[in-house]
Amino acid sequence: MKDHIVMPLWTCCLFIVVMNTTMFNVSLPIIIHDLQITSDLGSWVISSYSIGYALSTVIYSRLSDRIPVRKLLTVGLLILGLSSLLGLFAHSFAVLLLTRILQSAGAGVMAGLGLVIASRYIPLERRGAAIALISSGSAMAFGLGPIVGGLVSEYWGWNGLFAITVLVLIALPVLLYFLPNETTKTDQPFDTTGAILTTLNAVTLLVAITQQSLLWFAVGILSLVVHILYIRRAKLSFINPQVFKAPGYTRLVMIGFCVLVVNLGNLFLMPLVLADLFARSSLAIGLLIAPGAIVAACMARYIGRWIDQYGNMRFLIIGHVLLAAVLTLFMLGLNQSAFVITVGYLFFSPAISASMSSLNNEASRILPKSQIGSGMGLLQLVQFFGGSVSVAACGLLLHRIPHVTVEQAYHDVYGCLLIVAVVSLVLVIFHHRASRPTSPAFLSNNS
């Protein structure tokens, strides 16, 4: 495989896939206005893509044990590209939501298979650089996404955002030409039932939250019980229960859930605050948010080095303290100036980067080598589910808080995110203390 061609092109496609979230964040106020929907319905534009992206990422990576990468890539990019064509003509909420769900079903192929092809086909001496290239593409997508989304929405309308995602179809034949042929592998069966149950768990609980439905909540709990019973009987289940035996892994999953609740909740709220309280356009929103994301992208490699040097827990704690401080600023100072968002996000975005990097590094540290794939996949799934729940819940709270002004509603929702951040910080401190007896050099370079 000519990785000097494949990996940069793969990174470009992943850049588009990740940017497909942040582009729509800044355009959400316009979408809500144009389609005349409420903020809780509008939140589904983001949350449906996030949860579908998380589920499809895990599914594609697990399917790669049985199905050649070229076939999976063809299916994934065709679904993503063709559904994006449909989005160009989406003029109702139902069509828009369907398009976003279909997009997410294909988008996960880039994240799910990126590390797979790097591990299989790139020599060890060049593998680190390839993985770093993929990571930098994701980081830059968060930085440039708000600007691109603002520009496109300002001059071509939000439907024009789908034209950017269609570009992945151009890369498909080139990737297929350079990717090596593989034979179908059947030694590791894919747990289709487990994958369906996992999807059912996520979707039913998300619907229960957004619809405030006890019936859907009961269905979600029932599906969880059925899934747990299935996992106990299945030999090779989609969710590997052995990962929960790793000391502290359950705490890290809970922390990851909370961090994504805070992150995607804030990304959902900032554009709405700038539009509703300060009447900023999509382009202005993108320009106000982008500096923080660009700073985080530029600092990504330095944060990785610092974590290696000073340890996971130190930066996990620092990141959480900064997140709580910024959320406090947002909760108390939203009505002062639009630049409060810009200044706060300059610290918030690097804090998220530090928290997520140290969290994932800590998880890989405590998991046995044989369980790293399944453990990290499950952690990513729970994180994105937390983000989807957060977006849906924030949209619901903004729409349903009674007898308060719009400004006060934003204050209250940011207060809820602050509580989640504090709970996560408590879990981090507890994990640090619980891990110290078995790891005296916890904050050493080996953390």
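How much accessible surface does the chain have, and what share of it belongs to carbon and sulfur atoms? The accessible surface comes to about 19100 Å², and 68% of that belongs to carbon and sulfur atoms (areas are from the Shrake-Rupley method with a 1.4 Å probe, and for residues only the protein chains shown count as cover). This is a predicted model, so local features need pLDDT of at least 70 and side-chain atom pairs count only at pLDDT 80 or more, while totals for chains, interfaces and linings use all residues. Residues are numbered from 1 along each chain as its sequence is written, and side-chain values use heavy atoms, with hydrogens and water left out.

**The chain as a whole**

- You're looking at 15 helices and 0 strands (both are DSSP runs numbered from the N terminus: helices are H or I with at least four residues, strands are E with at least two).
- Of the 447 residues, 54% count as buried (buried is under 20% relative accessible area, exposed is over 50%, and partly exposed is in between, with a 1.4 Å probe and protein chains only).
- Take the contacts between residues at least 6 apart in sequence: 84% of them join residues at least 24 apart (a contact means heavy atoms within 4.5 Å).

**The core and helix α10**

- The largest nonpolar core has 125 residues (a nonpolar core is a set of buried Ala, Val, Leu, Ile, Met, Phe, Trp, Tyr and Cys residues joined through side-chain atoms within 4.5 Å).
- The largest share of this core, 17 residues, comes from α10.
- Leu73, Leu77, Met110, Tyr249, Leu269 and Tyr414 are the residues with the most contacts inside the core.
- Setting aside residues up to four places away in sequence, Met110 touches Trp10, Cys13, Leu14, Val17, Leu73 and Leu77.
- Helix α10 itself covers residues 249-276, and its 28 residues reach 40 Å from first C-alpha to last, close to the 40 Å expected at 1.5 Å a residue (the expected span is 1.5 Å times one less than the number of residues).
- As for burial, 24 of the 28 residues of α10 are buried, so the helix is largely enclosed by the rest of the structure.

**Helix α13, end to end**

- Ile366 sits in α13 (residues 339-366), and at 15% relative accessibility Ile366 counts as buried.
- Ile366 and Tyr249 are 117 residues apart in sequence, yet their C-alpha atoms are 7.3 Å apart in space.
- Beyond its neighbours within four places in sequence, Ile366 is in contact with Ala246, Pro247, Gly248, Tyr249 and Leu252.
- Phe339 also lies in α13, but Phe339 is partly exposed, with a relative accessible area of 49%.
- From Phe339 to Ile289 it's 50 residues in sequence and 9.5 Å in space, C-alpha to C-alpha.

**Helix α12**

- Helix α12 (residues 312-333) has 22 residues that should span 32 Å at 1.5 Å a residue, and its end C-alpha atoms are 31 Å apart, which agrees.
- Its buried residues include Phe315, Leu316, Gly319, His320, Leu323, Val326, Leu327 and Phe330.
- As background, an α-helix has 3.6 residues a turn, so residues three or four places apart point the same way.

- Arg100 is in helix α4, and at 0% relative accessibility Arg100 counts as buried.
- The contacts of Arg100, not counting residues up to four places away in sequence, are Asn20, Thr21, Phe24, Val45, Ile46, Ser48, Tyr49 and Phe162.
- One of these, Ile46, is 54 residues from Arg100 along the chain, with 8.2 Å between their C-alpha atoms.

**Two loop residues with positive phi**

- Most residues other than glycine have a negative phi.
- Gln36 has a positive phi, near 55 degrees; Gln36 lies in the loop between α1 (3-35) and α2 (39-63), and counts as exposed at 73% relative accessibility.
- Ala279 has a positive phi of about 55 degrees; Ala279 is in the loop between α10 and α11 (282-310), and counts as exposed at 67% relative accessibility.
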